[in-house]
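Here is a short walk through one protein model. Keep the sequence and the 3D view side by side as you read.

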Amino acid sequence: MHFHQHLATSILSGALMAAVPFCLAQGQAGQQAQQHPKQGQAASHPSRSMASADQRAADLLNSINKTEIDGAETIQGHVDNPNVKSYAQDLVNDHKNLQDQLQKAADQAKISLRESSAMKKQEQRENRRWDKEKPGPAASSYVAAQIRDHESAVKRLQHLEPQITDPQLKQVVQSSIPVLQKHLDAARKLQSEMKGGGNGSGGGLR
């Protein structure tokens with residue numbers, strides 16, 4: 001009986017002696033993690049913020065180009081106003097050129113371009129609406145949409161541009177902003193002329 005009690009006491013003592021250093025070590029590790037929580041996160045994602053800025057800028061410009069090309073090609077079949085048709089064709093040409101530049105920069109930076117589902121759905125909704133409208137109202141709503149979309153695009157790209165780290169991608173975004181601003185200014189001028197000329201449909205603007 002005494003032998004068994006002594007053996008049980010020895011085992012319990014040994015277990016406690018092994019557990020105490022382990023608990024102390026765990027406590028110290030936990031304190032260090034609490035004192036420096038961001039260090040571990042930064043180590044696991046050293047360039048996460050930089051990479052996401054490049055990716056966000058590339059995705060945004062990719063989405064802008066694709067939705068503008070799609071919308072401009074669609075509206076040309078639904079309006080009679082030659083100035084709106086010409087404006088839409090300018091958008092197709094410019095955004096295809098920007099897309100070619102973006103694709104080259106993305107390939108070099110090993111960035112897979114993604115398209116915003118929200119922007120794509122909005123463009124599809126507008127295309128369906130223009131299908132149902134008469135040429136005059138369709139032209140007016142298209143130009144109004146271009147003012148809204150290009151105002152947003154310029155602001156968003158101007159916000160992202162300083163955060164871009166890849167030189168070639170940065171150059172593409174920098175060169176795209178004046179093009180988008182040109183489209184915005186042209187849309188504003190076109191809208192003003194359409195309002196001054198009546199319903200904006202028919203054989204051109206005066």
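Start with the overall picture. This is a predicted model. The protein chain has seven helices and zero strands. Along the sequence, the pattern reads α-α-α-α-α-α-α. The chain has 206 residues, and 34% of them count as buried. Now consider contacts between residues with a separation of 6 or more. Residues 24 or more positions apart account for 78% of these contacts in the protein chain.

Next comes a helix pair. Two packed helices are described by the angle between their axes and the distance between the axes. Helix α4 spans residues 82-109, and helix α7 spans residues 167-196. The two pack at an angle of about 170 degrees. Their axes are 10 Å apart. Because angles over 145 degrees count as roughly antiparallel, α4 is roughly antiparallel to α7. What classes of residue make up the contact of α4 with α7? There are 14 nonpolar residues, eight polar ones and four charged ones.

Take A105 first. A105 sits in helix α4. Is A105 buried or exposed? A105 has 0% relative accessibility, so it counts as buried. Setting aside residues up to four places away in sequence, A105 touches Q168, L169 and V172. A105 and Q168 are 63 residues apart along the chain. Their C-alpha atoms are separated by 5.7 Å.

Q171 belongs to helix α7. Its relative accessibility is 55%, so Q171 counts as exposed. Q171 and A105 are 66 residues apart in sequence. From C-alpha to C-alpha, Q171 and A105 are 9.1 Å apart in space.

H183 is also placed in helix α7. H183 counts as buried because its relative accessibility is 2%. Which residues is H183 in contact with, leaving aside its neighbours within four places in sequence? They are Y87, D90, L91, D94, H95 and H150.

Now move to the loop between α4 and α5. K110 is located there. Most residues other than glycine have a negative phi. K110 is not a glycine, yet its phi is positive, at about 60 degrees. With 76% relative accessibility, K110 counts as exposed.

I111 is found in the loop between α4 and α5 too. Is I111 buried or exposed? I111 has a relative accessible area of 12%, so it is buried. Apart from its neighbours within four places in sequence, I111 is in contact with D54, Q55, A58, A106 and L169. I111 and D59 are 52 residues apart along the chain. The C-alpha atoms of I111 and D59 are separated by 9.3 Å.

Follow the chain into helix α5. This helix covers residues 117-132, which is 16 residues. How far does α5 reach from its first C-alpha to its last? The span is 23 Å, close to the 22 Å expected at 1.5 Å a residue.

Now look at the sides of α5. The buried residues in α5 include E123, E126, N127 and W130. They cover an arc of only 105 degrees around the axis, so they lie on the same side of α5. Which exposed residues are on the face turned away from the buried side of α5? That face carries A118, K121 and K132.

One more residue of this helix deserves a look. K120 lies in helix α5. Because its relative accessibility is 41%, K120 counts as partly exposed. Leaving out neighbours within four places in sequence, K120 is in contact with T67 and E115. K120 and K66 are 54 residues apart along the chain. The C-alpha atoms of K120 and K66 are separated by 8.4 Å.

To check the main points in the 3D view, begin with α4 and α7, which pack at about 170 degrees. Then find A105 in α4 and H183 in α7. Go on to K110 and its positive phi. Finish on α5, with E123, E126, N127 and W130 buried, and A118, K121 and K132 on the face turned away from that buried side.

Note on methods
Residues are numbered from 1 along each chain as its sequence is written. This is a predicted model: local features need pLDDT of at least 70, side-chain atom pairs count only at pLDDT 80 or more; totals for chains, interfaces and linings use all residues. Side-chain values use heavy atoms; hydrogens and water are left out. Axes are lines fitted to C-alpha atoms, for helices over the stretch in contact, and angles run from 0 to 180 degrees between N-to-C directions. Helices (H or I, at least four residues) and strands (E, at least two) are DSSP runs, numbered from the N terminus. Angles under 35 degrees count as roughly parallel, over 145 as roughly antiparallel, 65 to 115 as roughly perpendicular and the rest as oblique. Ala, Val, Leu, Ile, Met, Phe, Trp, Tyr, Cys and Pro count as nonpolar, Asp, Glu, Lys and Arg as charged, and the others, Gly among them, as polar. The expected span of a helix is 1.5 Å times one less than its number of residues. Buried means under 20% relative accessible area, exposed over 50%, partly exposed in between (1.4 Å probe, protein chains only). The arc is that of the directions from the helix axis to the C-beta atoms. Contact means heavy atoms within 4.5 Å.
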